[in-house]
Structure formats: structure tokens, C-alpha cells
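Hi everyone, thanks for coming along. Please have a look at the structure on the screen, and then I'll walk you through it.

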Amino acid sequence: TYAGYGPYYAGMGLAYDAEIYVQKALDDIGNYIGPLDNGQLITDAFDNRPGLTIHTNSWGDLSSAGLGYNDQDKQFDRRTRKPSASPTADQMLIIVAAGNENSLNSIQSPAKAKNVITVGSTINYMPDAGSLGYIEDADYPSPTPEYPDPPPQPLLNNPTRISYYSSRGWTSDNRIKPDIVAPGEASLSTRSPSEIVVGGKYGLYQPDNRYEWRSGTSMAAPHVAGLAALMIQKNSSYTPDEIKMALRNTAIDLGYNHIDQGYGRINAAAAVQSEIPCIAEFNTYNWSYVVSGNVTIRGTATCRNNFQNWTLEYGSGYEPTNWTLINSSNTSVNDADLTNWDSNAIENGIYTLRLKVSNAGHTSEDRTFLIVTDPNTIISCITINSPGNYNLTQNINDALDAKCINIKSDNVTLDCQGY
């Protein structure tokens, strides 16, 4: 899938009976050579391999890390459930590696897409890797104020830890990403004979060099693709949103915040054995996460089987411990209004919304975030994403309909020139 390593990722699946269709979108040194509309990759895969159900992507646009929801994300979202123009098209499940930027708000496109399954990385359990050719990461970090406790080396014995490099959320529009995490550290799989640097960064498998060691969210994503294939093999009626929900519902909480682990580490046995889950999903496509006054909250709260009820709650901060009920119903909702909520009733601040949908014995949930303010408080910002010298030539509030400047780069000089 990138830098000539296609056979590597193709060799990593858990579902060994699955058929594989390979696409090349980057050249041998990692430059993108695919279609301008990267969503065309999904359409082409479907059109050339009818019946294809899973599309896994171990690549991303580094320049988009930390930025907003963009056209790359939209193209993948548009094809998540309708990969072809045909009204009878089968649905496609899209899985994307989160990225390896080791910082907050660093999810790349197209991993920021709303409908895809975005995968972060955990440490693997490979205690014998060092004796089998694995080279520990020379870029392993020292403690930082942001992450004062990186896991100690050797790395290969604690699958309850998030990999230090795994890109973290939230997205810039306050959505949870990654969705889940999976083993990505010290993964062993088939080796590409066209590899530019023999042995790569992490070494070749000893003694015969037929396999290669690698680490990254690019290795975690194929594990999720293989697990999704197992789920479909067991129940071919699964839809992409149901698979995504089942993976999240059965994930193991590693004790991290959602910013690091999403909903947790995949649990293969529980996911395969899971019944078809209910769908709990906020609709954030036209979402303004900075709100005041009455707020219309939209979403989906449905169950294929035995729907019982849904509840909508809010809690203070990004990781609430207490929840307050906003609304509930025993009638399902499909991409419609859940409530019209008066946010003036609570203090200004950051809040988490939680939607829970239940049937007999099972509950699904989704979360999103709000910044509650009043009309005279900051609502929109101008963002500076690149280093350089900048000058204001007008009042931002009067001419640019903004109330702040958000600097998201080092080495920025801003001269307001009296405005």
C-alpha cells in the first residue's frame, strides 16, 4: 500500500481465507501517485472486484495532521456506504491507519473521515523478537511534558500500552479519533522483494530473511481489516456501521482517555461472537461544536433487532465521570433530530455528549463534544498553520467574521498593526 511494501500489509490479515485485491497509490519512495479524487480508489476497487467489502489503508497525508475535515476525508466518507453510483451498490467498510505523529490532534487525512474506522497502535506481545532480528526503534522518545511516562524499553511485552508514536485525537472539530487501537508494534509479516532499503528500519526475520519486522499504525490497521473479514465470514449481513459499532462495543478499555485509545483495543474473540449491535451515531456533518442558546442535536439511534430505547446525556469536560440526562425515547431515530437543547441552562465550558442505544441486553454508544459559550464569546477563529511573518490589515471581527486567531505552528510572527 505504500513505498513498495504492498505485499507486506497484504500478508498481515487474520482472515487467511479472504481474497485480496491490491492497489498502488504511492511510488517506491512514498509520493502519492493515485487519482486526485482519492475516493476513486474505493470506487475502482469495488468496480474491478465486485463483492469487495473491506478497503484498508496504511497511508495518510502528513500535511493534513491536526487540520480540519477536508476534501480527502469527504471523498472517503462519500464512499463508505455507497462505493458506486449504482443505487443497488454493495456497501464498503473503510479502515485507515491513524498516523505516527506522537502528538495531540495529529490524526491525518483520510483517517479524519467520519465514517471510516480509524486505527491507532498498541504495543505487541513479542518477547522473543530481539533474538529473531527485530531492531528496537532508534527514535524512541525521552519523556516530555505532554507524555511524561513513555513505556520503558524493551517495548515488546505489554499489549496494554499505547505505542508512543500513535497519533492522538481529538479532530479539530472535536470528534473522537482514533476509533479503536490494535497491535502495531514489532509486527512480522511477508517482505516485499522491491524494498528500497533491505531490512528497513526494524530488521529482517532471522534466520532466513523471508519476513520483515515493522512498527506503526500501518501495521495495526491490517489487523482490524482481518478481524472485520472474520466478522463478515461469520455473518455476511453485517453493514459497515454495524461492524464499526461492534468493534467499538467489544473493545478492551486500556485505561487511557479517548484521546489516546478511542474506544479501546480490539477484542477479536468478543467481536466475532458479537450479535448485530445497535447503531448510536451523532450526525456532525453540519455540526458547529462551539454553541450557544438552543442547539439542535441530530443522530441515529436504531437497532436491527429488538430496539428498546435511547438516551442522550451530557457531562463536563472530555472524560466525564457524571452524566446528566438531556432526552430519552423508546422510539428509534434514523438521522433525525434527537432534541433541541437549551445550552443556556448550563455554564460555559467544554462538555461531552453521549448517545446510548439499547436492545435486549446490549448497548451501543457514541460521543462528541461541545464548547458552550454565549453569543459575545469567541465563536470562530482564523487559523495560522504554517511558520512565517503575518500582518493584520483589517479588524478580523469586522471584515473576516472571526473573533480570534488560532496559531497552530511554531516560528510564527504576527504584527497586528493596531487592528
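**Inside the fold**

Leaving aside residues up to four places away in sequence, Ile95 touches Ile54, His55, Thr56, Asn57, Ile117, Val119, Ala221, Val224, Ala225 and Ala228. Please keep in mind that this is a predicted model.

Where does Ile95 belong? Together with Val224 and Leu247, Ile95 is among the residues with the most contacts inside the largest nonpolar core, which has 26 residues. Which elements give two or more residues to this core? They are strands E2 (93-97), E3 (117-122) and E4 (180-183), along with helices H4 (217-234) and H5 (240-250). H4 gives the most, with nine residues.

There is also a second, separate core, this one of 23 residues, and it includes Val295, Tyr314, Trp341 and Leu355.

Now, back to those two helices. When we describe two packed helices, we use the angle between their axes and the distance between the axes. For H4 and H5, the angle is about 110° and the axes are 11 Å apart. Angles from 65 to 115 degrees count as roughly perpendicular, so H4 is roughly perpendicular to H5. Their crossing is right-handed.

Which residues meet there? On the H4 side we have Val224, Leu227, Ala228, Met231 and Ile232, and on the H5 side Ile243, Ala246 and Leu247.

Let's move on to helix H3, residues 71-80. Is it mostly covered or mostly open? It is mostly covered, with seven of its 10 residues buried. The buried ones are Gln72, Asp73, Gln75, Phe76, Asp77, Arg79 and Thr80. And what covers them? The cover includes helix H2 (40-48), strand E1 (54-57), E2 and H5.

To finish, let's step back to the whole chain. Its secondary structure comes to eight helices and 18 strands. Of the 419 residues, 48% are buried. Among contacts with a separation of 6 or more, 71% are between residues 24 or more positions apart. The accessible surface of the chain comes to about 19,200 Å², and 47% of that belongs to carbon and sulfur atoms.

Methods: Residues are numbered from 1 along each chain as its sequence is written. This is a predicted model: local features need pLDDT of at least 70, side-chain atom pairs count only at pLDDT 80 or more; totals for chains, interfaces and linings use all residues. Side-chain values use heavy atoms; hydrogens and water are left out. A nonpolar core is a set of buried Ala, Val, Leu, Ile, Met, Phe, Trp, Tyr and Cys residues joined through side-chain atoms within 4.5 Å. Buried means under 20% relative accessible area, exposed over 50%, partly exposed in between (1.4 Å probe, protein chains only). Helices (H or I, at least four residues) and strands (E, at least two) are DSSP runs, numbered from the N terminus. Contact means heavy atoms within 4.5 Å. Accessible areas come from the Shrake-Rupley method with a 1.4 Å probe; for residues, only the protein chains shown count as cover. Axes are lines fitted to C-alpha atoms, for helices over the stretch in contact, and angles run from 0 to 180 degrees between N-to-C directions. Angles under 35 degrees count as roughly parallel, over 145 as roughly antiparallel, 65 to 115 as roughly perpendicular and the rest as oblique. A crossing is left-handed if the near helix is turned anticlockwise from the far one by less than a right angle, and right-handed if clockwise.
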